[in-house]
Amino acid sequence: METHNPSITNPCSFAGLRPFMADLPYPPIQVREQNLSYASLLSIDYCGFVSELSAITQYVNNENRLSAQSCPIAKTLLGIAMAEMMHLQKLGELIVLLGGNITFTAHYRNGGQKMWSPQCLTLPEHAAQMIAADIEAEKAAIRQYETHIGMIKDDCVNDVLKRIIQDETYHIMLLHSLQSQV
C-alpha cells in the first residue's frame with residue numbers, strides 16, 4: 001500500500017512584491033570622466049565587507065529563514081533586498097563608466113584586494129538579532145557612502161550615492177518598525 005505524504009509549502013506569497021525604496025527618482029547614471037580611483041572606491045560599495053552584494057545576500061538569507069514563521073517580516077526583508085539589487089546594478093554601471101571592471105573584488109586604497117565571500121555576512125539565528133544586524137549593516141553602509149562622497153570629486157557619482165543613502169535611511173526606518181513584530 002502506497003502512502004501519500006502531503007507537500008509542505010510556504011504560506012507566504014511574494015507575488016507582486018516591489019522594491020522598498022524612497023519614492024524619489026534616481027539621478028542619471030553618468031560620470032564626468034573615467035577615474036579608476038573612484039571605480040575602486042565604488043568596488044568596495046559593490047562587493048566589499050559592507051556592500052550591496054553583502055546586503056542582498058544577507059536579506060535574502062534572512063527572508064528565507066523567516067518566511068514560514070513571519071510572512072510580513074519576510075516580505076519587508078525581500079522588498080529591501082530588491083532595492084539593494086537596484087543599488088548594486090547602479091554601482092556596477094558607474095564602475096564601468098569610470099573605467100573599472102566588475103570582478104566581485106573590492107579594491108582598497110592601500111592596494112589590498114578582497115574577493116567577496118559569505119564571510120562578509122552576519123547571519124544570527126533569531127529574528128530580533130537578524131533585524132538588529134540588518135540595521136547595523138544599513139548604518140555602516142551609510143557611513144561608508146558618506147566617506148566615499150567626501151573622497152569622490154564627481155558630482156554625478158555623488159548624486160547617485162546620495163540617492164542610495166536615502167533608500168538606506170528608509171530601510172532603517174522599516175527595520176525599526178519590524179522590531180516591534182519580533
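This is a predicted model: local features need pLDDT of at least 70, side-chain atom pairs count only at pLDDT 80 or more; totals for chains, interfaces and linings use all residues.

Trainee: Where in the chain do Arg32 and Asp155 lie?

Mentor: Arg32 belongs to the segment before α1, while Asp155 is in helix α5 (residues 155-179). The two are 123 residues apart, and the pair thus links distant parts of the chain.

Trainee: Is Arg32 buried or exposed?

Mentor: One compares the relative accessible area with a cut-off: exposed means over 50%, and buried means under 20%. Arg32 has a value of 57%, so Arg32 is exposed. Asp155, at 39%, is partly exposed because this value falls in between.

Trainee: How many salt bridges does a search of the whole structure find?

Mentor: The search finds four. Among them is the pair of Arg65 and Glu125, whose closest N and O atoms are 3.9 Å apart. Arg65 lies in helix α2, and Glu125 lies in the loop between β2 (113-115) and α4, 60 residues away. Arg65 is partly exposed at 29%, whereas Glu125 is exposed at 60%.

Trainee: Which element holds both Glu136 and Lys139?

Mentor: Both are in helix α4, three residues apart, which is about one turn of the helix. Glu136 is partly exposed at 45%, and Lys139 is partly exposed at 32%.

Trainee: How should I read a pocket, and which residues lie nearest the centre of the largest pocket?

Mentor: A pocket is an open set of points, whereas a probe in a cavity cannot get out. The largest pocket here has a volume of about 280 Å³. Its lining has 22 residues, and Phe49, Val50, Ser51, Ser54 and Ala137 lie nearest the centre. Helix α4 contributes the largest share of this lining, nine residues. By class, the lining has ten nonpolar, five polar and seven charged residues.

Trainee: What is the volume of the largest cavity?

Mentor: The volume of the largest cavity is about 40 Å³. Its lining includes Ser43, Tyr46, Ile102 and Phe104. Helix α1 (residues 36-47) gives the most to it, with three residues. The lining of this cavity holds five nonpolar and four polar residues, but no charged ones.

Trainee: Where is Phe104 placed?

Mentor: Phe104 is in the loop between α3 (71-97) and β1 (105-107). With Val96, Ile102 and Met115, Phe104 also makes a nonpolar surface patch of about 360 Å².

Key:
Residues are numbered from 1 along each chain as its sequence is written. Side-chain values use heavy atoms; hydrogens and water are left out. Patches are made of residues with over 30% relative accessible area and no salt bridge: like charges are joined within 9 Å, nonpolar side chains (Val, Leu, Ile, Met, Phe, Trp, Tyr) within 5 Å. Accessible areas come from the Shrake-Rupley method with a 1.4 Å probe; for residues, only the protein chains shown count as cover. A salt bridge is a side-chain nitrogen of Lys or Arg within 4 Å of a carboxyl oxygen of Asp or Glu. Helices (H or I, at least four residues) and strands (E, at least two) are DSSP runs, numbered from the N terminus. On a 1 Å grid over the protein atoms alone, a cavity is a set of points where a 1.4 Å probe fits but cannot get out, and a pocket is an open set with protein on both sides within 12 Å along at least five of seven lines; lining residues have an atom within 4 Å of a point. Grid points are joined across faces, edges and corners, and a volume is the space filled by probe spheres set on the points. Ala, Val, Leu, Ile, Met, Phe, Trp, Tyr, Cys and Pro count as nonpolar, Asp, Glu, Lys and Arg as charged, and the others, Gly among them, as polar. Buried means under 20% relative accessible area, exposed over 50%, partly exposed in between (1.4 Å probe, protein chains only).
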